[in-house]
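Morning, everyone. I will go through one structure today, helix packing to begin with and then the chain as a whole. Please have the sequence and the model open.

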Amino acid sequence: MRVPPNVSSADYARALAEFEQAIGREWVFTSDEDLDLYRDAFSPFLNEPEERIASGALAPVSTEQVQQIVRIANKYRIPIYPISTGKNLGYGGSAPAYSGSVVLDLKRMNRIIEVNEQHAFALVEPGVSYFDLYRYIQEHKLKVWIDCPDPGWGSVMGNALDRGGGYTSANYRNHFDSHCGMEIVLPNGELLRTGMGAIPNAQTWQQYKSGCGPWIDGIFSQSNFGVVTKMGFWLMPEPEAYQRCTVSVPRYHDLMPLVEILNFVENSRITSGFPDLESPLLGYPPVGQIQLWNETGPPKMSAEHANLLKGAKLGYSPQIEAYGARAGIPYWRLWLSFHGPEEVIQAQWHAAQRHFARIQGAQFAVVEQVKLPVDAQQATKYHEPEFGVPSLRAFSIGARTPWNPTPSKGHMWFSPIIPRTGEAIIEANRVFSEAAQSLGMPLFTTFTLPACFWERAFIFILATPVTEDPHLNKRYREGFKKLIEVGGQHGWGEYRTAPVFQHAVMDVYSFNNHVLQRFHATLKDAIDPNGILSAGRYDIWPKHLREKA
Amino acid sequence: MRARRLTGTVTSGLLLLGAASRAVGADSLAARHAPGRAVYEKWCAPCHDPGIIHPGTHALMTKYPNSTRASGLITAWTDLPATYVTFMVRHGISVMPAFRKTEISDAELAALAAYLARNTPTGR
């Protein structure tokens, strides 16, 4: 039997017996066969000794059981690692950050406690997936939308706690920002409710976020200070209509005003749908069409066009720009989407065009006008998450297709945040493409555009493949760390990362002699003195492991 | 809770099959496989339903062109033994991860494997 680090076999056996008593024998997993199911399917250390594995797994069904588990873990100093649905593939999956920890698998806690149409919120447990919540809303014919990331089987709560994003309206795309109220089992087993939930018999737990006094919700995301067992989310009332439009501009340097005006129209709420950048001339797709390109192949390009692209530097050459002008292919295209009443959408689109018209040669088009609602089947005509419809279509990334004859074993997401300017896009491409090329990394091999999930910053989300070849995986891991470091030198940091890279990423956040990390450690020692919870998550280690490092 | 409920359904499905064994028709076959089909719908369909918008199906279409598996549809294949389904669900392949027992229990997996293997002659 596997035994967690720094725990005696005898103590572990006693702890297991108590866990079995608390949650039932069938929900305590200790065999290799069962525990292998907790391996990170996309581990960058695939089949290598450094792969992080579980020593056990516990699957409670209630908050009370979580409290019991936490108390037993304290008694025997068992390191435990909560997961919700374990589906954040590319960011760690269901494996613990500290190898040998016992995974606390919260998948069975899958109650949708409330979906309130009038006040447009949901209150859910950790095991509820986007598919679950979507189906519940459809079955009950409730007129609210969820906001989901590309893979729909992830946990609504887990994705928010990992600070993931989605594709509908700006108020909802940042999943942590759109939460309202948490219930948390603290590392000592006590139950805490945040925001208005701290009032017994609270009337507005899911309607007012911060309550009174310090608002502590943020410290329970990307961290290890408690086990979140309930979380509220604001939902978007089902809009009447959806419209997708494009703004196409002809020249390389139009990227600068294009982004500047985008920022203005977004921050002014002239548009609030997911904006998406494309370069028709450079053959770079918008995020919302990546799945389409994986399914049907990239659009055809003339031989002359393809040839000219090879000579472009940072996506530019006078020849390619002239070719674009001649062939009528825009350098950049911005996709804008709008949700709401038809007359409001038309007014918003009209105002947006007025602003973008200051770019000489800007062309406008309405690509899609959709009367809502659409069902899941109708949504397959589009990029489903932009309609709040969960899917797994994004798994075409890495999967076998006629255009990808050698499928990967997964991927690790390289995802730095950069400023929202055209200049920053070009500068990041210069810095990362030079670094990636010298490191033999398959990233930034062509001019690469960021995504617009967040209104105030850009993010690149780039899949670095995990392969069957350990040498290649090693090169990619080391290259990945180097890219994180290079980004840090330029003031750019990752928004989220897999446990393997959490030390490297947090090392970038080093202002004033790593005071942020030291503050995390101070909190850790105060809140979880025995260091039982998710040791190492986002490089926050309990004292006894910090001192060893 | 969910696992227990499903186990209950599997048992009643088997009982139903026993009762109908004198005149096995399409209806009883469908009833027998209803629990496995429900597991398929919940866990497999988003990647394995028909068409290239489903990455699992697209991958299998690409992997097995010009063969009886060319549809890529695991629900229609005639050479898919239950043991193979069980192995894939618990081990994963390519970008498909393994599924934990808290997601698909052993009882649910048995029902799923029986459903997907229903067109495959036994002994394969």
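At roughly what angle do the axes of helix α14 and helix α15 of chain A cross? Before I answer, note that this is a predicted model, where local features need pLDDT of at least 70, side-chain atom pairs count only at pLDDT 80 or more, and totals for chains, interfaces and linings use all residues. Residues are numbered from 1 along each chain as its sequence is written, and chains are lettered from A and ligands numbered from 1 in the order in which they are written.

Now the answer. Helix α14 (residues 470–489) and helix α15 (residues 499–508) of chain A have axes that cross at roughly 15 degrees and come within 9 Å. That makes α14(A) roughly parallel to α15(A). Axes here are lines fitted to C-alpha atoms, for helices over the stretch in contact, and angles run from 0 to 180 degrees between N-to-C directions. Angles under 35 degrees count as roughly parallel, over 145 as roughly antiparallel, 65 to 115 as roughly perpendicular and the rest as oblique. Helices (H or I, at least four residues) and strands (E, at least two) are DSSP runs, numbered from the N terminus.

On the α14(A) side, the residues in contact include A:Phe480 and A:Ile484; on the α15(A) side they include A:Phe501 and A:Val505. Contact means that C-beta atoms, placed from the backbone, lie within 7 Å. By class, the residues of this α14(A)–α15(A) contact are 7 nonpolar, 2 polar and 3 charged. Ala, Val, Leu, Ile, Met, Phe, Trp, Tyr, Cys and Pro count as nonpolar, Asp, Glu, Lys and Arg as charged, and the others, Gly among them, as polar.

Next pair: α7 (residues 255–267) and α13 (residues 422–439) of chain A, with axes that come within 7 Å and cross at roughly 125 degrees. That makes α7(A) oblique to α13(A). A:Leu255, A:Met256, A:Leu258 and A:Val259 of α7(A) meet A:Gly422, A:Glu423 and A:Ile425 of α13(A). The classes in this contact of α7(A) with α13(A) are 5 nonpolar, 1 polar and 1 charged.

The axes of α4 (residues 82–91) and α5 (residues 106–116) of chain B cross at roughly 130 degrees and come within 8 Å. α4(B) and α5(B) are therefore oblique to each other. Among the residues that meet are B:Val85 and B:Val89 in α4(B), and B:Leu109 and B:Leu112 in α5(B). That contact of α4(B) with α5(B) has 8 nonpolar, 1 polar and no charged residues.

Now chain A overall. Its secondary structure comes to 17 helices and 20 strands, and its C-alpha trace spans about 75 × 55 × 45 Å along the principal axes. An automatic or database assignment sets the domain bounds: domain 1 (9–107), domain 2 (112–237), domain 3 (241–372) and domain 4 (410–500). The centres of domains 2 and 4 of chain A, taken over C-alpha atoms, are separated by 29 Å. Their contact takes 7 residues from domain 2 and 5 residues from domain 4.

Two backbone details to finish. Most residues other than glycine have a negative phi, and most peptide bonds are trans. The bond from A:Leu372 to A:Pro373 is cis, with omega near 5 degrees, and A:Pro373 is in the loop between β15 (363–371) and α12 (376–379) of chain A. A:Asn6 has a positive phi, near 65 degrees, and lies in the segment before α1 (9–23) of chain A.

Key: Contact = placed C-beta atoms within 7 Å.
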